[in-house]
Each structure stands twice: as structure tokens, then as C-alpha cells.
Amino acid sequence: MTATDSSVATRPASPNTSGPRRETVFEAKDITKVYHMGEVDVHALRGVELTLLESEFLVLLGPSGSGKSTLLNILGGLDVPTAGHVMYRGRDLTTAEERELTDYRRRHVGFVFQFYNLIPSLTARENVALVTDIAEHPLEAAEALAMVDLADRLDHFPAQLSGGEQQRVAIARAIAKRPDVLLCDEPTGALDISTGIVVLEAIERINSELGTATAVITHNAAVSGMADLVITLSDGHIGSVRTNDQKVSARELEW
Amino acid sequence: MQAINRKLLRDLWHVKGQAIAISLVIAVGVVMLIMYSSAFDSLHRSQTSYYERQRFADVFVTLKRAPLRLRDRIANIDGVAQVETRVVVDVTLDVEGLSEPATGRLISIPARRRAMLNDVVIRRGRYIDGTRPDEVIVNEAFALAHDLTPGDTVTAVINGRRRDLEVVGFGLSPEYIYTIRPGELIPDDTRFGVFWMERRALASAFNMEGGFNDVTLSLMPGAREEEVIQHLDTLIESYGGFGAIPRSLQLSHWSLSQELNGLQGVGQVVPLIFLSIAAFLLNVVLTRMVSVQREQIAALKALGYANAAIGWHYTKWALAIALTGAVIGTAGGAAMGNAMMTIYNDFFEFPALTYRLLPSVVVSGVVISLLAGVIGAATAVRRAVRLPPAEAMRPQPPARYRVSLVERLGIQGLLSQPARIVLRNIQRQPVRSLASVTGIAFSVAMLIAGTFSLDAMDEMMDVQFSVAQHQDVTVTFVEAASAAARHELQRLPGVLTVEPTRSIPARLRFGSRSRQLAISGLPEVPRLSRVLEVTDLSPVTLPPDGLVVSRKLAEILAIDRGDVVRVEILLGARPVREVVVADVVKEYMGLSAYMEINSLRRLLRESETLSGGFITVDPSRLDALYRVLKATPVVAGVTLKGAALESFEETFAENINVMIFFNVLFAGIIACGVVYNAARMSLSERSRELASLRVIGFTRAEISSILLGELAVLTCVAIPVGLLVGYGLAALVVTLFDTELYSFPLAVAPRTYALSTLAVLTATVLSGLLVRRKLDSLGLVEVLKTRE
């Protein structure tokens, strides 16, 4: 394991880069985000740089308020930085219009949220169908749910599912469009250890089997063992960047 | 089905109570719209086709007597298409089973049927046989009122002799769609009948052979009505013409037009009120829904749903509710429009008054309700569209509260903790609270406006028949009589007092405006037929000189006290006089002009003449009086106060009750819709807070009092406002129904205020109980676990 400490992410050599040359998915340059909350300005991000490659697994660590979610939302096209640029496969997301951002999210991004954000009035299958209805070459809803081991829960409503199951529905929903990037905001934050591991396994599988570039926010340092790349944020700065020589599978994680 | 639409359906199902409540409010608006528009359309269409088929005339005039040769000269007036000269006479009838005398109008028709103006439609039986002089066709309503069948006879007193007229057919004419005796305010099918009789038979009975006393004519397209009337009046002046009137002033047509105008006016205003309330309710519910679904919206946006798609999703909510309302409303409106036609069939005599619902009316109903839906949804939809997804992911910050105004008054110590919560919550959402107050107030107001017509009618009847009219019988002579006639009236059996009257036909002219009517000459302070200023019910003293006119007439002529009007007297030498308007009084019914009787006689250069009298009668001798009156040739008409009152109540009471039932129903729908929605909103927003209170030890009753207390406060504020607005709305109704025929008094009885308040309180309590049930089943643990 190698680690560097710098406020700007200088990317250490990753073991993966030694293989066939992979394309850059995200390239963030000096992004800053300032929120105006009433009379105070909150600096959520202060000049963050990062690069994410195809099929890479990134874990973002950091205490709450460190800017993790803001960074993820900007990568996912849900938010725009106050300054700086984010390139997705060469396209500048920061200058994109709302319509283009929607299109970007629709075609390329799979989101998983801490509180699942399922539509309570729709069954598991229908929640996934929300995405397959509008995506271009989606998986079958049932197929996506099978990938997260929920083939027998297709017609259950969120209220009839456990927290872990709900989060897996959310993952199925995120991957059903065959996204190029999977962005997960504290996917295990509301779950206990064993359920959390089941959910992480699902994410791990998507990352390795579909080759989806994946970014996972967590404040649980143990999760970082799964990652190719671990970035720690604190107070809007990048605290540290390290790469894992030896990835651990989700099943082997302990916390 | 797309998953997002499935979400729509399930979400709607989840709030079905509120959705139905709003749909019903929309439905009520659409019912009104469809009912009034379709009734207007059906009535108007029936009128038009009836007029066309039966060749309803364009100009009408009566005269004393003119020779037949004048007919050609009339026909030669520029612009005249067809002329009909007739003999028209009013006679006293003695009808079997009716002790009092009735009035019959005899109208001449040709011996052999031909296409004439105001042609008669034979409803039953046949046309007259020209060789049998006693055969008549009678208007259907009179025949039905007396259970006549063809072959029955009716006795008419013609020139002092009783003559049996044989009914051979029942007929209708566009001239008598609304059959009312001139000078009266209320139709009375039992005591007024129209009879069509062979011309020579009728002429010989009244010395009209070789002459006529009535002209109707139709105009050529593009003819100038005013000019034709002027020509006609000049031509017949020397034959005692009473002044020609255009179709627009013909009594039956005019009454029907007043009704049509009323339908149109109400049909344009009332539905809008309901639809505005519905839009407001939709706005409240949908805004709440968007706020509840904040994170769902964020997720949908993150999944790649475009803003437009999200906006459309929530717009569809409103559209679904509006469409449901439109469908229910269209069905209801069609049913009520149809029912209205049945009512109109009692009022108006049409050969075929059929109900028709135009597709364009349905379309406009649907479009307007969808529009109301979209307007109601607008702010909520905008909020959903503008919701930044990244921000929506985070839980909503706690709502901002402040110490309430009431508390800052320094009585904080007096308020319990729950009372403070109630007050702060009302104050935190001033717009919503205000809107709820408006909604509740409006349902109170609706109830008042919908039911006060009973009070108005009571007041009108009371004023007209108890305060103003003290006579039992009104007798009208065929010709003005000398002073002796007064004594003869006095000598009739059972007569207690007699008040003479002199009434003359005249045309009042002021500037370019004119109106034809009867000027009534009455004693200085009439004791029997009183002239009242209805605003304070004070009896009016007729000044020694000058006219006293009703406010409605003053409006039509644009005259006021002190103006000098030209009075063209349509009698004898047809003198024209200038008379000053001495007073304008407000009356409830009809158009009137009064003069002190001697001053009127001076105007005519007459002395002591009278054209009739108002009399009071010993009730035990009424039948004897009627027997004499039926056989008195100089008596042209007899009006009985009791009969008029009875007939009025019969016609109106039933229909008014139906209207009131629906108004109460509709207002109830609004009250429930507003209150129930307000309560559900509060519950939805505050279930967490209330559950938390339960967890820390508050009882169910205590948390109910917090939630329902807010409703109670809003309702208490709303009711007085509603009473005020109701009075205003009643004033609006009075204005909308202010026709030349009636002007309804703005009289709202305390009973009406009390009942409206009670009805809304009931609706509030019921809605509160419904919500209370939900409150009792509040799952404490579940509520606390879920994140708002």
C-alpha cells in the first residue's frame, strides 16, 4: 500500500495502470463549491482535483461536512461547482446546461443514496422500471434485481423490504441502465455490518463484472480496503490519496 | 404502463380522500357551468325554432278600431314583410269549478287555416270549423288547469250576455310562451286563458265587423324597426293606436329574454367561484405532496428524469383530479340541465322544449376544469421543477418558527404549551392559514347566498301582499267610468271599502329613451293599494303634481327626481304633456309610474273618472260578489289577491326548494373539501411532531387538541368573515337576478346566518372526526423512524 499526503491529489501509480491502458472517466480540476446559507458562505470544496479511470473503484473517506457528498453530486451532474472544471470522458460538465446534465445522468450515471430514495408507492421491480423506462439499452428489471440477489422480491413494496434489501433495490435501479459510472453516497450508512457487507458485495460485483467505474462515499475506513483508490477529504480539501496494491473483497471486510 | 405513471396512480390512491374532495368541488363548478350553459342553449334554441316555425311577429300594436282597408297601407310601409290584423278582446269567463271570475283573451283567426303570423300550434283536437261561430281553440295550460277535453264548453260573458264557447282544440302560440295578463306580475293559468276564435264570429260580437283592433307585423331582413314603428304609429294614430312595441318589449318574449339573460349571467359567474376554490385546494395539496416527495423528486432527477418530465408528472396529478371532476360534473350538469328543462316546461309553454347538450359546452367544461387544475398545480409544479436535486437529497431544515403575535401581546403566560404550538403554526404559514380561512368563509358565504333567496322571496311576498296590497279584489273596467261607478262598486255584495283608481296607457319619453306602460292614478295616500318605498317600507305620499316612478323605470329612462318627461297619453285625442318626476321609489316587482289620481285626471282634462277600483270584501260574501262580477259587462278583469299569492307560491316554492337543496349540497362539498384538506395537510406535515409528543407522554386527546385546535381557530376566524362575504355574495346574486320583472330584496334572515354557520360547523366537526381517526391510529414507532 502506498500513500501520499497532499492537498492536491497527485495520483500515485496504481497497480491497475500497469495493465492495458484505460480511459479516463472523470477528471476534476480545481473544483470549488460555495453554498450561500443565509448570511454565511459555506465552502464545501476548496480546490479539489481528481482523476477516475474506467472500471476503477474509488472510495471517498472523510468526516461529515468534509465535502464528500458535494463532490459526488458534482461528479454525478446533480450539482455544479462554483469554480473549476469536471470533465467526463472529455465533456465539460461544468459548462453543460440543465438539459445536457439530465441527459448525462440518464445515459451514464447510476446513483445509490444513503437513504435509498426508493419511490414508496412502487414495488422493487417498478422502482427499477423507472430507469429501464427511460434508458437506452437497459437490463431487464428482473435481471438487475437478480444481480443483487433479489429475484424473489420483485413485487414487494419498499415498506415490505429490510433496509439492506431496499439498498440493493436502489443498486439494481442504479445499474439497470448499464451505467458507465456508479456513484454511491454512504450506501451502508443506514445498515448494520452484515447487511452492509451484502450491499457492498453487490457493488463490488457490478464494478468487477460490468467494469463500471465506481465511487463510494463512506465514513467507515474499513470499506476502503475494497478500493483501487482511496481519497480522504477534510474540510473541503483532499487530505490524502492512496492506492491499494492488494484489494480486499467485501466479504473479508471487518469493522 | 410506465413506472412513473404507476407511481401517479398509487400516489393518487393514497390521497384519495383529498383527491375526491377536490374533484367534487370541481364537479360542482362544472355542474353549474354545464347546467346553465346547456339550459340557456336549449331554451334559446327552442325559442328560435319555435319563432321561426310559427312566424312570430316583430312589431305589435293594439288600437281602438280601424277599418280593414287600412291593412294595405300598413303593408305598404317600407320594410314590412307580412301584416296580420286581428280582433283581440278580453272578456270575463265563468268556468265550471271556479267560483271567482277568470279572464279570457279572445283572438281572431281566419275561418280557413293559412300561414299567419303568431300561428297557433294545435296540440290536441283540431282547428276551428269556419261555419261554426262558437268553436274555439284554447291555450293548453288553461285547458290542463281546468281538466278540459275537446268538446267541453267554457262560458264567456260577451257584451253582458253569457255565451258558451265550445273547445275543439288545445293550442300554443309563440305570443304566449309566458302567459301573463298585462298588468300582472305572476302567471296564473287557472284564471287567465287565451282563446282563438273565428274572426267574423268574434267581430260581430264586439261590433268589429269590417275592422280590427290589433296589428302584428313581421319585418323584411335589414328593415329598420324604429322607422317602421314610427310609420305605423302615425298611420294608426287617428284610430286610437296605443303605441306600437317591438318584439323585445312583447310581454312573453321579454319575460323569456329576462330568464335567458339570467341564465347566462349566473352561468358565467358561479362556476368560476367553484373552480377557483378547487384550484386553491389543489395548490395546497399538491404543494404539500411535492414537499413530502422531495427526496423522491431528487432521486428521479438523479436517475435522469428531465425537469419537464417531473413537471408533467405533477401536472398530471392535477389533470387527473380535474378530469375526474369534469366527468362527474358533466354527467351531473346534464342531469340538472335536463331537470331544469322540466321546470321550464311549467313556466313556459313550448311545443317542444327539449334538452340538448352541445359537444362544445362539454368541451368548454372539460377545458375550463383542466385549466383550473393547471393553474392550481402551477406553483407546486414549479417548485418540483426548480428543486435542486443535490439539495433535496439532504433532509429539509427545521421549519422556521417565531413567537406568535398573540404571545407578544404579553399574554404568553396565559397560554398552554399546546395553545402556543397552535398559534405559532398558524402564524408560520400565514398564506395557507389565510387560504383556509378564505375557503371556510367561502362555504359559509355560499350557503348564505344559496339559501337567502327564501328570505328574499318571503320578504318580497310579505311586502307585496301584506304591507302594500290591502285590497282583496281588484276590478278593472272595460272603459273609464264616471264617478257613479264608484258608488256602484260600493253597492256590490259584501264590499266594505272601495278605493278608486284611474289607469292610463302612456308612453314616457326622456331624451332618446322611451317606455310604454300604464300610469296608475291613486289617492294621495292610498290605503288599499299602497305605494311603498321598500328600503324602509314607508308609505309614499303622492304629490299633488308630478310622477312617482319605480327605480327600475327610472333606470331604464335614465331619469331622476326633478327631470321633466314627455308623457304621450295613448287615449282619446292622444294629448302629450310634460310632467315632472316628483319622486323615485324602490319597488320589488315590475315597472311602475304613479300619479295622484286628481292630478292624473287634470292631465287628461277629466273629472272624477275611474278605470277600476281596489275593494275589500266581507269574506263570507265573496261568492255572491263573484257571481255578480261574472255577469257584469263593464268589468274587464278581476284580480284576486289571495289567488295571485297562491299561484305565485305554487310556481316558485317547489323550484326554490330544489335549488336550495342543491346549494346546501354544493356548499357542504366546499366546506368539507376545504376543512378536510386543511386537516389532512396539518396531519401530514406534523405527524412526526405529534408522534413525538405522544412519546413524551401527551395523551391522544391532547395531541388531537393541537391539530384540531388549529382547525377550530381557523374556523372561528372564518365564520364571521363568511357571514360578511355571504351578505356581499347575496348582494351579487340580487344584482345578477335584477331584471325588469323582479328586483329581489337583499334580505338575509338571522335564521339563514345561523343555519349556514351551523352547516359549516357540522362539516368542520365531521372532517375533524375523520382526521382524528387517523390521528388515533398514528403509529408512534414508525413515524419516528421515518425521515421526513
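Visitor: Hi! In chain A, how much of the contacts with a separation of 6 or more comes from residues 24 or more positions apart?
Guide: Hello! That share is 72% in chain A. Please keep in mind that this is a predicted model.

Visitor: Good to know. What secondary structure does chain A have?
Guide: Chain A has six helices and eleven strands. Its radius of gyration is 18 Å, close to the 18 Å that the globule rule gives for 255 residues, so chain A is as compact as a globular protein of that length.

Visitor: And what box do its C-alpha atoms fill?
Guide: Along the principal axes, the box is roughly 50 × 40 × 40 Å.

Visitor: What percentage of chain A counts as buried?
Guide: For chain A, 50% of the 255 residues count as buried.

Visitor: Let's talk sheets. Which strands make up the open four-stranded one in chain A, and in what order?
Guide: The order is S3-S2-S5-S6 in chain A, with antiparallel pairing. At the edges are strand S3 (40-53) and strand S6 (91-92) of chain A, each of which pairs on one side only.

Visitor: How many bridges link S2 and S3 there?
Guide: Eleven bridges link strand S2 (residues 24-37) of chain A with S3(A), in the antiparallel sense. If you want a spot to look at, find A:Phe26: its bridge partner in S3(A) is A:Leu52.

Visitor: What holds paired strands together, in general?
Guide: Strands of a sheet pair through backbone hydrogen bonds, either parallel or antiparallel.

Visitor: Over to chain B. What is the strand order in its open four-stranded sheet?
Guide: In chain B the order is S2-S10-S1-S11, and the pairing is antiparallel. The edge strands here are S2 and strand S11 (245-246) of chain B, each pairing on one side only.

Visitor: How many bridges does S10 share with S1?
Guide: Six bridges join strand S1 (residues 59-67) of chain B to strand S10 (residues 211-219) of chain B. Along that pairing, B:Ala66 stands opposite B:Phe212 in S10(B).

Visitor: And how many with S2?
Guide: Strand S2 (residues 80-86) of chain B pairs with S10(B) over six bridges, in the antiparallel sense. Within S10(B), B:Ser218 stands opposite B:Gln82, and B:Thr216 is the bridge partner of B:Glu84.

Visitor: Nice. How is chain B divided into domains?
Guide: Chain B is divided into domain 1 (1-56 + 257-397), domain 2 (57-254), domain 3 (418-469 + 642-788) and domain 4 (495-617).

Visitor: How far apart are the C-alpha centres of domains 2 and 3?
Guide: In chain B, those two centres lie 53 Å apart.

Visitor: I was also looking at helix H18 of chain B. Which of its residues are buried?
Guide: In helix H18 (residues 622-630) of chain B, the buried residues are B:Leu625, B:Tyr626, B:Leu629 and B:Lys630. They cover an arc of only 130 degrees around the axis, so they sit on the same side of H18(B).

Visitor: Last topic: how many residues does each chain give to the contact between A and B?
Guide: Chain B gives 22 residues and chain A gives 22 residues. On the side of chain B that touches chain A, the elements giving two or more residues are helix H1 (3-14), helix H8 (294-303) and helix H11 (389-393) of chain B.

Visitor: Which one gives the most?
Guide: H1(B) does, with seven residues.

Visitor: What classes of residue are on that side of chain B?
Guide: The side of chain B that touches chain A has eleven nonpolar, five polar and six charged residues.

Terms used: Residues numbered from 1 in each chain as written. Chains lettered and ligands numbered in written order. Predicted model: local features only at pLDDT ≥ 70, side-chain atom pairs only at ≥ 80, totals over all residues. Contact = placed C-beta atoms within 7 Å. Nonpolar A, V, L, I, M, F, W, Y, C, P; charged D, E, K, R; others polar. Pairing = 2+ DSSP bridges. Domains from an automatic or database assignment. Rg over C-alpha atoms; globule rule 2.2 N^0.38 Å. Buried ≥ 20, exposed ≤ 12 C-beta atoms within 10 Å, placed from the backbone. Arc of directions from axis to C-beta.
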